[in-house]
Amino acid sequence: MSEPVGHRPQTRREKSISALKRALGTSGGSRRAVSDPGRMGYVFSAPYFFHLALFFGYPLLFALILVFHRWDIVTPMEFIGLRNISRLLQDDLFFRAIRNTGFFLVIHIPLQIIVALFFAELLNAKLKGRSFFRTVYFLPVVVSGVVVAILFQQLFAFETGYINGVISALGGDRVPWLVSPAWAMPSIALMATWKNVGFYVILFLTGLQNIPDSMYEVAYLEGATTWQRWTQVTLPLLNPMLVTVVVLSTIGGFSLFIEPYLLTGGGPLSSTLSALLYIYNQAFYFNHMGYAAALGIFFALIIFVVVLLQRRFVEEDIY
Amino acid sequence: MKKPFAYIALVGGALVFAYPFVWMMLATFKPEMEIGRLALLPSEWTLESYRLVFESIPIGRSFLNSLVVVLIVTSSALLFGSMAGYAFTKINFRGRDAGYNIILFTMMVPFMVLLIPLYTLIVKFGWTDSLVGLIVPFMMNATAVLILRQSFLTIPTDLIEAARIDGCSEWRILFTIVWPLSIPALTTAGIIVFIGNWNEVLWPIMVVRNEDWMTMPQMVALFSVGGGAQSKLGPQLAAAFMLGLPIIIAFLLFQRHFISSLATSGLKG
């Protein structure tokens, strides 16, 4: 897949081209143009790899060094061995942030998949105006998370918020969206779903449109009910997309920052403290650069393991 | 599914996703007192919220900062990304596949691993409180390379070789032959980098503390959370609305490109 077509013949063709040129006695200028490409490969990719070495390679290695040091970025680094790691393993807030992210994902992922599948299925029918609806559903996806968070700060407000206003006008009890530790994270998950679901509608729609009609025809001829067609044809064939959606949502969940930063500051009672917010606080409130780097690596390892498990689980579950 | 039901559900969904934005737009013209009420339209139209925003923060300047950052980052990602993508597809050189695999590897490493060491590097370079610190680390983009490479693979190698025989330099081949054939991929990669960078807020919050160099999302976020808005909702919503509007307009104009580009980033990124 990564090999361009005609990898080998190309060199052979190049050879014959230069042979032709020698025979024709073409000038040195064009000979250079033919033999240069190899060198130009380095010239063309050098800026990228120089940048990569400086802004990816170096920080990656430095992260591994930082883990073993205490550093407030002002005074010299102090080697402390494994103390950052042992501290991390006893850090209640670290585990709190993991649990919070897990809680977020447990609400966010199923909700997102159900809502996205529902609308994707509706949009997959050849209805009039579907491109209008697609556009509207996608709108929150392109808008900055800052806009969405400020908007929901109002919508979720306990006394003056729009949602509670509607609920109490209908005679219900006001919901303590962001003010109660039990509700704060579900509220943020709800908001994140509202913001992102349009993206997943499009992904599922792509997946649905890739299912050949003949598959449904076979199911129809076999006398399958709508529900059977859905569970026997649609879902299994949608599985790769389902994996993609679960993995992307998981990575998105671990990148949660601006929503709790703006809406709750991680509270109430650390109930919305996210992984990134905790790293940010360690680095910028307490100047614990070494510890913050250790947290970054640990959260990344956790993402890695979770994603691996999800791939396995989702793949096995459906078939 | 039955048609009427499908339409009711689709319209209901449209209301859920669009109504909050409409409400927000109108709320920015309401007197502060009225924002908590359920009425959609203001009883009396006022620009007081906007006046307060412009009075308390240099939001216009932050818009220009964002624009400078995002334009340089996007054009650089496209330029260097297409150079690398071209080298990966149309030039044979030793280490090419290894280089490509390294780029794939960089995409698997979550940004939170690099966050702190990258920040300390920026401090070391003295690039905090400057646009340089916001631009330089993001001038190359792996997703852009992937998308451009994918598109360049479809360009026949014969075409490139014919140009080489004619004495065309690799630079000219890239800019006058490959680029015009890759407008869709350049658009896709450009939109992905543009949106991602425009909406980025964690990195600016870390690197810039001086109001003069803040990006727009950062400034609006800090205005809201930092007490600049004196916990008044009107100015916060007005600032947020101004932040969202350019993207909303761009999106409504080019929605097809936006949707397919961002979906691509999800599938390949």
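1. A polar contact is taken here as a pair of N or O atoms within 3.5 Å, where within protein one atom must be able to donate a hydrogen and the other to accept it, and where residues adjacent in sequence count only if both atoms are side-chain atoms. By this rule, twelve residue pairs (both at pLDDT 80 or more) are in polar contact across the interface of chain A and chain B.

2. The model is predicted, with local features needing pLDDT of at least 70 and side-chain atom pairs counting only at pLDDT 80 or more, while totals for chains, interfaces and linings use all residues. Residues are numbered from 1 along each chain as its sequence is written, chains are lettered from A and ligands numbered from 1 in the order in which they are written, and side-chain values use heavy atoms, with hydrogens and water left out.

3. The interface joins 95 residues of chain A to 112 residues of chain B by contact, that is, by heavy atoms within 4.5 Å. The buried area, meaning the accessible area (1.4 Å probe) that two parts lose on being put together, summed over both, is about 9200 Å² between chain A and chain B, and carbon and sulfur atoms give 78% of it. On the chain A side, A:Phe44, A:Tyr48 and A:Tyr162 lose the most area to chain B, together 9% of what that side buries. Helix α3 (residues 37-66) of chain A gives the most to that side, with 22 residues; helices here are DSSP runs of H or I with at least four residues, strands are runs of E with at least two, and both are numbered from the N terminus.

4. Over all chains there are 46 aromatic pairs, counted where rings of Phe, Tyr and Trp (its six-membered ring) have centres within 6.5 Å, with planes under 30 degrees apart called stacked, over 60 edge-to-face and the rest tilted. One of them is the tilted pair of B:Phe125 and B:Trp127, at 4.8 Å centre to centre and 55° between the planes. Ring pairs also link residues of both chains into a cluster, including A:Phe118, A:Trp177, B:Phe17 and B:Phe21.

5. Charges also sit over rings (NZ of Lys or CZ of Arg within 6 Å of the ring centre and within 35 degrees of the ring normal). B:Lys124 lies over the face of A:Phe62, 5.1 Å from the ring centre, and the charged end of B:Arg149 sits over the ring of B:Tyr100, 3.9 Å from its centre.
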